[in-house]
Each structure stands twice: as structure tokens, then as C-alpha cells.
Amino acid sequence: MSSNPCETCPANAQLAQMGLKIEKFDRIVALAGNPNTGKSTLFNTLTGLNQHTGNWPGKTVTRAEGGYEFNKIRYKLVDLPGTYSLLSASQDEEVARNFILFGQPDCVVVVTDATALERNLNLVLQVMEITDKVIVAVNLMDEARRKGLEVDVRSLSRDLGAPAIPITARNGEGVQTLLSTIEEVINGNIQTKPLRVSGTDQFRRSVEELSGMITALIPNIPNARWLAIRLLDGDARVEEALVNGELADLVMNQRQSDLRLSSKTALAGNQ
Amino acid sequence: MSVLTNENLTPQDILAKAQKLRPQLGDAFRDEIVTSLYGEAERIAQRAVHTTKDKRWDFDQRIDRIVTSPVWGLPIMLLLLAAVFWITIVGANIPSQMLATALFWLEDKASGLFTAWGIPWWITGFLWHGIYRGLAWVVSVMLPPMAIFFPLFTILEDLGYLPRVAFNLDFLFKKAGAHGKQALTMAMGFGCNAAGVVATRVIDSPRERLIAILTNNFVPCNGRFPTLIMLATVFVAASFSPVAASFVAAGSVLAVVLIGVFFTLLVSWVLSRTLLKGEASAFTLELPPYRRPNIGRIVYTSLIDRTIFVLWRAVLMAAPAGAVIWVLGNIYVNGNSLAIYIANFLNPFGVLLGLDGVILLAYIIAIPANEIVVPTMLMVYTGTGMMIDLPGLDGLRTLLIGQHGWTLLTAINLMLFSLLHNPCATTIATIYKETKSAKWATVSVIITLGLAFLVTFLTASFARLIGWA
């Protein structure tokens with residue numbers, strides 16, 4: 001997929017953990033995924049921080065932030081709470097949903113559990129509805145092998161229209177490849193064509209009409225298409241956010257407040 | 001597309017439009033989205049994943065069938081907890097003694113040197129018999145149990161056992177009208193109640209979340225475990241033969257934990273029928289696979305994140321508490337120190353609860369971090385001339401029982417009081433932040449403190465009624 005394989009050869013690349021030094025960064029990468037798939041472990045491997053990890057779902061309820069440098073580009077990494085979907089309204093799911101929607105991450109890495117791929121793909125598909133820049137990290141490959149499961153990542157990539165990278169976050173297996181893929185997705189060397197629910201003609205027309213109105217009301221809003229679908233679905237939370245101006249505010253403030261709060265939330269997330 | 005040029009486009013227009021479009025899509029539209037999502041996921045996964053082993057021989061499932069079985073689930077859980085407490089108690093006893101001896105020897109030597117150098121008595125007293133002694137008590141009482149308990153607890157957490165605990169307890173919470181995930185946030189509370197309160201965010205329903213927040217304090221946190229372990233070892237178990245003592249101690253800590261769980265359920269039950277009426281909602285809980293614990297991670301998490309964190313916090317609180325106690329113990333009015341006046345004033349109330357005035361004074365001084373109530377209490381006893389010697393933990397028992405009329409009832413009620421009393425300042429602040437309501441933060445204090453007084457009063461009255469104390 002890349003023009004010059006030497007550029008992305010793992011041996012050539014350099015990872016530097018930056019911990020909490022995230023005042024200046026060039027790119028934002030979000031880690032999403034189902035609960036207990038190893039997002040925090042990957043986060044710690046990349047940033048060198050010690051975000052508490054634990055073998056149980058729902059451990060991360062706030063988002064933690066840290067930094068790493070790869071090939072001289074500085075990345076801010078945001079560890080989101082684990083969620084099964086982006087449709088419901090508990091607070092941890094909303095943290096994840098709001099960030100993917102309005103945090104304007106340059107790339108979202110959905111960390112999935114290789115041993116329970118089908119359930120994990122539901123979230124992958126939902127994230128792909130919101131943003132183009134998606135990478136699927138198929139984590140816990142060691143566990144899958146132990147259980148006698150083989151994951152064909154090429155078939156997965158092809159079906160999803162987005163890169164799928166096999167990794168084992170615990171021992172760093174595949175992490176270099178993941179990092180170079182993040183770089184290439186962001187700079188456009190790898191083009192993603194995320195699979196989207198197409199629906200009937202009537203559905204497509206309705207979505208287009210509604211998303212046009214949303215963009216007219218709130219210029220620069222990313223993900224107008226997804227919001228339109230949510231509104232057609234009668235998502236009370238999205239309706240409320242639209243009416244009380246929360247959506248507009250989020251678009252205005254998110255970048256700004258991220259800079260201000262980043263070190264504080266990273267510390268708070270440490271517990 | 002005339003709307004795009006309309007400058008007065010409002011959010012309501014968009015909602016109205018969505019409402020108009022929705023019926024055109026048909027009723028099945030919503031289900032279609034979800035169904036196609038799940039269908040797509042299934043199709044893709046089936047193409048990408050191949051099994052080479054027979055699923056029936058899945059090791060995890062076989063373990064889970066035992067560990068979460070209706071018959072064996074709870075007994076195994078109790079046995080594991082008891083084992084953790086027992087290892088902690090047996091392992092912490094001797095290091096605690098050695099630490100106490102060494103740290104108080106240093107106090108003796110250092111204050112002797114200060115006196116020899118001609119430094120005024122009140123500076124020596126304030127620094128060494130006040131602040132330093134506070135630190136010494138906290139370190140010798142809390143450090144050894146924590147250094148053993150936390151790694152064990154973290155191993156269980158890393159293995160993936162906590163969600164199984166939640167699974168086993170789910171039916172009880174359902175009966176109490178609370179959310180099943182509350183078992184998980186309760187388990188988190190064993191680590192730290194403030195963290196447990198934050199963890200309640202996984203509960204969707206505001207009503208059930210509030211119940212989980214208000215009752216989280218009923219399980220003893222990492223900060224309170226050393227206190228309970230110390231009380232169980234030094235007072236409750238001491239009258240048994242040395243062989244039986246460690247088992248009795250572990251058993252009493254386990255009993256206190258179970259009483260805590262009982263009150264969690266009881267208060268949840270009462271709340272869901274009074275202040276926070278409603279039905280328990282259904283939920284799915286994923287049992288994660290068992291994973292081999294990562295030793296380096298466990299050492300880091302349990303020693304740096306937990307032990308050092310809890311100890312440092314206790315030290316920060318104990319130093320000023322030690323100073324306050326020294327000042328109260330060394331300002332004399334009519335031949336008696338202020339501490340004695342206050343303790344005497346509180347004594348009748350304390351006795352009513354099966355405690356005494358000194359314990360209540362210690363509780364008041366330690367309010368900002370009430371996991372140090374016991375070290376503070378020991379400081380009040382030793383720091384106010386009420387106890388002249390500087391004994392190790394064993395001598396302590398003899399002196400408290402001999403000189404201050406402690407009974408088994410005092411020790412048991414102090415354990416109950418420490419289990420039930422109000423959350424520490426950090427947890428109260430966290431409750432306020434999470435509920436954004438001073439009312440609920442206050443309610444959490446009233447419920448816990450009220451229950452602490454009520455329960456200790458009832459135990460004391462009952463013990464006296466049957467002539468046992």
C-alpha cells in the first residue's frame with residue numbers, strides 16, 4: 001500500500017515514549033474499543049505512563065492522555081473508556097462518543113479482542129460510521145493462538161475497508177507496524193474506504209437532506225452524516241445536544257479545552 | 001435545498017425535519033440499522049476467524065463453571081478472601097513489631113540527643129513526640145499489611161477474578177433493587193472508595209448509580225484494612241492459642257467485610273424503596289478471560305500506585321494529627337491536659353457506644369483521613385501522658401486492656417465503627433463532584449455516621465444486657 005517500503009520498515013522507525021509531555025503535539029490519536037480489550041495496556045506501552053490496567057471491563061471511566069513520538073512526529077494519545085456501542089447513554093460511553101465526534105482526532109485506533117472479534121466488530125462498524133480515519137488493532141493475538149483461533153487480517157482489512165493490524169500489546173508484538181500504519185493513514189498514504197450501512201434510496205436521501213441542514217446550522221461540524229442518522233433514529237441525547245447548543249459549543253471548544261486539561265485529566269485518570 | 005439559504009435556521013427546524021422524514025422511512029428502519037450492523041459484523045468475523053480447536057475444551061469455561069457455579073461460587077470466594085487476609089496477618093505481624101521497635105528506638109535516641117544539646121523541651125516534644133511519633137505509628141501499623149495485601153489483591157484483579165465476584169453477587173443486588181454492576185463498583189471500593197464512586201459511571205440509570213455511590217463506603221478501603229487487620233490481630237485473636245490466633249484474626253476481618261457487604265445490600269434495599277424508588281434494570285456483564293498476571297505490573301501497581309500512595313496520604317495526615325495531639329496533651333489547665341478534659345467530656349457518649357472518650361477524640365482529630373483513626377488513637381493514649389511506656393504492638397494490648405479497661409467489646413465496636421463511619425474527606429469530595437449535589441454528599445455522611453452510631457450502640461447495649469461486657 002505504501003510507495004516506498006523502506007520508509008515504513010519497522011527497523012527504520014523510532015518510538016520515543018513521551019509520558020505526560022503533551023503540551024506540543026502534531027497529531028491526536030484516539031484509542032477506542034470494547035471494555036477489557038487492552039486499550040490501557042497499549043496506551044502504557046506507547047506512552048511509558050502507568051495508567052492503571054486491570055483485567056475487568058469498565059476500569060477506565062474517564063479518558064487519559066499521554067504522548068509518544070514516532071518518526072519525529074509527536075502524537076497525543078487519548079485512551080477512551082471501553083464501550084460496546086456508541087448508541088446508549090451511560091456516562092462512560094458518552095465520554096468515548098463525544099471524543100470521537102468532537103475531539104477531531106486525526107485517527108481512531110479501535111482496539112479489538114482477537115478472541116471475540118464478532119462482538120468487537122459492532123463497535124468498529126459504528127466508529128467507521130463517524131470517521132474515515134480508522135485503524136483496527138486486533139489485540140490479544142497470543143491469547144487467540146492459545147485458544148486455537150486464526151485471524152485472517154487481510155480478509156478483515158478488505159471487508160472493512162480499513163487497515164487491520166494484529167498486535168499483542170502486552171509484549172509489544174506488532175506495535176511498530178501499528179505505529180507506521182497510524183502515520184500513513186493520517187498522511188494519506190493509506191486510503192481508507194470504511195464500510196457504511198447504505199440502506200434504501202429513501203434512507204440515503206433523508207440522511208443527505210438532514211446533514212445538509214446540520215452543516216448549515218453548525219459550520220465546520222464533522223460527522224454531520226452520523227448525526228443525521230442519529231436524529232432520524234430519534235436519539236434523545238443528540239436531540240438535546242443540538243437544541244441546547246452543546247453540539248456547537250463542543251465543536252468550538254474541544255481543541256482548546258483539550259490543550260488546557262490534558263495534563264490534568266491524565267493525572268486524574270491515573271487512579 | 002432552500003433551507004441552506006435560510007439564515008434563521010434553528011435546531012427546532014432540524015428536529016421537525018427529522019420527525020417528518022422518520023415515518024417515510026418506515027417503522028422497521030431502526031431495527032434495520034441495528035440488524036444490518038450485527039449481520040455485517042457476523043459476516044466479516046466468520047470470514048476472518050478460523051478455529052482449529054474444539055471449543056468444548058475451553059479451559060476458561062471449565063474454570064468458570066466451578067468459580068461462578070451457584071453452589072461453589074460463594075464458598076470459593078469466601079475461601080479466597082479468607083486466604084488473602086490470613087496470609088496478610090501472618091506475614092505482617094513480625095515486620096510490624098520490628099518496625100515499631102526500630103522507629104520508637106529512634107524517637108528515644110533522637111529526643112535524648114536534642115535534650116543533651118540543650119534544645120528547649122517543647123521543640124523536642126513537638127517534633128519527636130508529636131509529629132515524628134504520628135508518622136512512626138502510621139508506618140508501623142499500616143505499611144507491613146499493605147505491602148502484603150495489595151500485591152495479593154492485585155493478582156486477583158489481574159487474573160480477572162473481580163468480574164466473577166460481581167457475577168456471583170448479582171442476584172443479591174437485584175433483590176436489593178440495585179444494579180448488578182454495583183457489585184463491581186463495590187469490589188473497586190475495596191481498593192479505594194473514592195475510586196469506587198468514580199467507577200459507578202458504568203451504571204446507566206441515575207437512580208441505581210446514586211445508590212451505588214451512597215453505599216460504596218460500606219466496604220473497607222485499602223486505607224482501612226490495615227487498621228482492621230491490626231485490631232483483629234492484637235485484640236480479637238490474642239486470647240486464643242498462638243496456632244488458632246491467625247485463623248481467628250483472618251476470620252474476624254472476613255466477618256467485618258461480610259458485615260460491610262450486608263450493610264451495602266441493606267442500605268441499597270432501603271434506599272430503593274424510599275428515597276430512590278424503582279426497579280432494578282437488566283444488564284450484561286462480560287466475564288473476561290483469565291490472564292496470567294504480569295509480575296512486573298503487579299509489583300508496580302501494588303507497591304507504587306497503592307502502597308506508596310496510601311501510605312503517603314496517611315503520613316501527610318498523621319504528621320499534623322500528631323502535632324495537634326501533642327499540643328492538646330501538653331497544655332495544662334488546673335493540673336490536667338486539654339486532651340484529658342476533652343476525652344473525659346466525650347467519655348460518657350463513647351461508653352454508650354462501647355468505645356471511650358479517647359477513641360472519639362482520635363476520631364475527631366482524624367476526620368480528614370479517617371483511615372488513621374487507630375494510629376491517632378494510639379497517639380492520644382501515648383502522647384498525653386496516659387501511657388508512659390513506648391510499647392511494641394504486643395505490649396500495647398496489655399496496656400490498653402490493663403490500664404484503660406479495653407474489652408473484646410471495645411475492639412469489636414471499634415472495628416464496626418471504622419467500617420461504618422463517614423467516608424474520608426476525599427471520598428466525600430468525589431461524591432460531591434460526581435453527583436454535583438451537596439445534598440447527596442451530605443446524605444452519604446448522615447447515613448454512614450448514623451449507622452455507625454446506631455450499630456455500635458446496639459452491640460454495646462446487647463453485650464451489656466447479656467452481661468458479657
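Figure 1. The twelve residues of α3(A) should span 16 Å at 1.5 Å a residue, and its end C-alpha atoms are 16 Å apart, which agrees; the expected span is 1.5 Å times one less than the number of residues in the helix. This and the following views show a predicted model, in which local features need pLDDT of at least 70 and side-chain atom pairs count only at pLDDT 80 or more, while totals for chains, interfaces and linings use all residues. Residues are numbered from 1 along each chain as its sequence is written, and chains are lettered from A, with ligands numbered from 1, in the order in which they are written. Helices (H or I, at least four residues) and strands (E, at least two) are DSSP runs, numbered from the N terminus. Within α3(A), the buried residues are D92(A), E93(A), A96(A), R97(A), F99(A), I100(A), L101(A) and F102(A); a residue counts as buried if 20 or more other C-beta atoms, placed from the backbone, lie within 10 Å of its own, as exposed if 12 or fewer do, and as partly exposed in between. Just after this helix, Q104(A) takes a positive phi of about 45 degrees.

**Figure 2. Seven strands of chain A form an open sheet with mixed pairing.** The strand order is β1-β3-β4-β2-β5-β6-β8, and the edge strands, each pairing on one side only, are β1 (15–19) and β8 (164–166) of chain A. Strands are said to pair if DSSP finds at least two bridges between them. Strands of a sheet pair through backbone hydrogen bonds, either parallel or antiparallel. On average, neighbouring strands of this sheet are turned by 25 degrees against each other, direction ignored.

**Figure 3. Strand β5 of chain A pairs with β2(A) and with β6(A).** The pairing of β5(A) (residues 107–113) with β6(A) (residues 134–139) is parallel and runs over six bridges, whereas that of β2(A) with β5(A), also parallel, runs over five bridges. V108(A) is the bridge partner of A30(A) and stands opposite V134(A) in β6(A), while V109(A) has I135(A) as its bridge partner. In a regular strand the side chains alternate between the two faces of the sheet. Here C107(A), V109(A), V111(A) and D113(A) point one way from β5(A), and V108(A), V110(A) and T112(A) point the other way. Seven of the seven residues of β5(A) are buried. Helix α4(A) lies across β2, β5 and β6 of chain A, running at about 165 degrees to β5(A), and α6(A) packs on the sheet, where it touches β6 and β8 of chain A and makes about 160 degrees with the direction of β8(A). Axes are lines fitted to C-alpha atoms, for helices over the stretch in contact, and angles run from 0 to 180 degrees between N-to-C directions.

**Figure 4. Chain A touches chain B through 53 residues of chain A and 55 residues of chain B.** Two residues are in contact if their C-beta atoms, placed from the backbone, lie within 7 Å. On the side of chain A that touches chain B, α8(A) gives the most, with nine residues. By class, this side has 24 nonpolar, 19 polar and ten charged residues, where Ala, Val, Leu, Ile, Met, Phe, Trp, Tyr, Cys and Pro count as nonpolar, Asp, Glu, Lys and Arg as charged, and the others, Gly among them, as polar. β7(A) and strand β1 (residues 49–51) of chain B pair in the antiparallel sense over three bridges, with V151(A) opposite V49(B).

**Figure 5. Helix α10 of chain B packs with α5(B) and with α17(B).** The axes of α5(B) (residues 121–159) and α10(B) (residues 225–236) come within 9 Å and cross at roughly 105 degrees. The two helices are therefore roughly perpendicular to each other; angles of 65 to 115 degrees count as roughly perpendicular, under 35 as roughly parallel, over 145 as roughly antiparallel and the rest as oblique. V141(B), M142(B), P145(B), M146(B) and F149(B) of α5(B) make this contact with F225(B), P226(B), I229(B) and M230(B) of α10(B), and these residues divide into nine nonpolar, no polar and no charged. With α17(B) (residues 408–420), α10(B) packs at an angle of about 170 degrees, the axes being 10 Å apart, which makes the two helices roughly antiparallel. Among the residues that meet here are L231(B) and F235(B) in α10(B) and I412(B) and M415(B) in α17(B).

**Figure 6. P70 of chain B lies in the loop between α3(B) and α4(B).** P70(B) is exposed, with 8 other C-beta atoms within 10 Å. P70(B) and N168(B) are 98 residues apart in sequence and 7.6 Å apart in space, C-alpha to C-alpha.
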